[in-house]
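This report walks through one protein model, one site at a time. Keep the sequence and the coordinates open while reading.

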Amino acid sequence: MHVPIAPHGEVAGSAVGGPSTTATTAAAGSAGIDFDRIRATLMVLGIALHAADVFVSAGDWLVADTHRGVAFDALVALIHSFRVPGFFLLSGLLFAGSLTRHAAPDLVLRQMVRLGVPLLTCWALLNAAQTALLAWYRGGDPWAALASLSTPMSHLWFIRDLLVMNLLVLGCVAIRGAMPTPAAQPAARGIAPRWMTRITRKPAQRLAGFSGGAATPIHWLTVALAGALLSHALLVLVRLSGLAYAPGPGGLTLFNLAFHAPMFLAGLAMRQHPTWLDGWLRTPWWLLPVAAFAANWGDAASGTLPHALARELALAVELLGIWLATGAAIGLLARWRGRPHGGVGERLSSALADASYTIFLVHHLMVVALALLLLPLDWPAALKFALIACGTLALSLAFHRWVVRPFAVTRLLFNGRLPATAQAQPVTPTPGRA
């Protein structure tokens, strides 16, 4: 039994929130890795991914149009190979920063609100609406579908897994006594201990290798091979436990958690060892399609090959493909520079960064609704795809602008944001500021 790269889903929380109140955009100092821009780009790619799912040749998504094409299969395979792993990587990088700024009890509460509240809200509202809509389309009773309590997690599985990973890391940190508590060090509230302080010391110098500085990064292939090997070892241990596929809350399984956890843990580790991140993000961009093919072939073969050893080798190929594809794609986005000031592109980028969490939460329902609306029309697949993708992006931005952003209650329900206090006003990131 095998779980695919990811159930065609995405991310939230640390990796999908709006522009950070700390210097996430400039977290790399002079290296200039713009996490907000990367996050916004991955969000737009998520809309493209799910819009393309409607037209894949297998016709096995929630909505299947009669007009299909292998080009959409290729697009889905490409985006699918790096997007969710990239979100887990960003989540680990940003969560490592949170560990340096917040005491453990505060961070537990913060993550429960930041991730748990939108998870419950959108599971009860948006995913329920999607379930009712699909039941109506298929000729069933929408109310009976809701009453069955079978509302799926759908794309919200990422928030569920990320919340579990956050809490597990915080539990390990608390057990080891690695974080100061308000009772023990009231003057050091939110300040990390020595081992975590080293993570963020002079980030510009520590990440200088990315911009051609003195630091020497590890070779990208070394990082990818090590990541794939450790990921495979963890999956073997989990399966040997006999608990790998035991169902947990919301469909959570230990195998699925172990499949994605290494990328999150890599983000945590690479915040402390930035030369690893530097080297990994130097993966040649032209390897992306090759790695994506390997990841998707391995995903299919690891569940269908007749011999156990062949399936394990296919799983290893899948994992290596994921690590290479993620390094190539995120590295390409990290090297991408937009216009530094003004312009329509810059304003759109800022709007996408601000609305990224909302886009993640609402776009799935909108893709399904627009796909069903266009289903009876005998139009080319490319035209329908463009209308669904553009319409979903526009509606998601409008929902954030006029429903979520203006009101404290909707900011809490859909973005997990509590009202800012006078002592905790947002800080606007500036280039080179950390």
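## Ala-124 in helix α3

Start at Ala-124, which sits in helix α3. The model is predicted. Is Ala-124 buried, partly exposed or exposed? With a relative accessibility of 43%, Ala-124 is partly exposed, because that class runs between the 20% and 50% limits. Leu-146 is 22 residues away along the chain, and its C-alpha atom is 9.8 Å from that of Ala-124.

## Where α3 meets α4

Ala-124 is also one of the residues through which α3 touches α4. Helix α3 covers residues 104-124 and helix α4 covers residues 126-137. Their axes come within 3 Å and cross at roughly 20°. The two helices are therefore roughly parallel, because the crossing angle falls under 35 degrees.

Which residues make the contact? From α3 come Thr-121, Cys-122, Trp-123 and Ala-124. From α4 come Leu-126, Asn-127 and Ala-128. Five of the residues in this contact are nonpolar and two are polar. None is charged.

## Gln-130 and Ser-154

Further along α4 lies Gln-130. Its relative accessible area is 3%, so Gln-130 is buried. What does Gln-130 touch, leaving aside residues up to four places away in sequence? The list is Leu-62, Ser-154, His-364, Leu-365 and Val-368.

Ser-154 deserves a separate look. This residue lies in the loop between α5 (142-147) and α6. Its phi is positive, at about 50°, although Ser-154 is not a glycine.

## Aromatic pairs

How many aromatic pairs does the model contain? The count is eleven. Two of the pairs are described here, each by its ring centres and ring planes. A pair of aromatic rings is described by the distance of the centres and the angle of the planes.

Take Phe-55 and Phe-72. Their ring centres are 5.2 Å apart and their planes stand at 35°, so this pair is tilted. Phe-55 belongs to the loop between α1 (35-53) and α2 (70-101), while Phe-72 is in helix α2. The two are 17 residues apart, and the pair links distant parts of the chain. Phe-55 is buried at 0% relative accessibility. Phe-72 has a relative accessibility of 11% and is buried too, because the limit for that class is 20%.

Now take Phe-87 and Phe-158. Here the centres lie 6.4 Å apart and the planes meet at 55°, so this pair is tilted. Phe-87 is in helix α2 and Phe-158 is in helix α6 (residues 157-176). They are 71 residues apart, and this pair also links distant parts of the chain. Phe-87 is buried, with a relative accessible area of 0%. Phe-158 is buried at 0% relative accessibility. Both rings belong to one aromatic cluster, which consists of Phe-87, Phe-88, Trp-157 and Phe-158.

## Gly-46 in helix α1

Helix α1 holds Gly-46. Is Gly-46 buried or exposed? Its relative accessibility is 0%, so Gly-46 is buried. Gly-46 and Val-84 are 38 residues apart in sequence. In space, their C-alpha atoms are 9.2 Å apart.

## The whole protein

What about the overall make-up? The protein has 17 helices and zero strands. Of its 434 residues, 50% are buried. Gln-130, Gly-46 and Phe-87 are among the buried residues described above.

The accessible surface comes to about 19,400 Å². Carbon and sulfur atoms account for 70% of that surface.

How values were computed
Residues numbered from 1 in each chain as written. Predicted model: local features only at pLDDT ≥ 70, side-chain atom pairs only at ≥ 80, totals over all residues. Heavy atoms only, no water. Helix = DSSP H or I, 4+ residues; strand = E, 2+ residues; numbered from the N terminus. Buried < 20%, exposed > 50% of the residue type's maximum accessible area, 1.4 Å probe, protein only. Areas by Shrake-Rupley, 256 points an atom, 1.4 Å probe, with all protein chains shown as cover. Axes fitted to C-alpha atoms, helices over the stretch in contact; angles between N-to-C directions. Parallel < 35°, antiparallel > 145°, perpendicular 65-115°, else oblique. Contact = heavy atoms within 4.5 Å. Nonpolar A, V, L, I, M, F, W, Y, C, P; charged D, E, K, R; others polar. Phe/Tyr/Trp six-rings, centres within 6.5 Å; stacked < 30°, edge-to-face > 60°.
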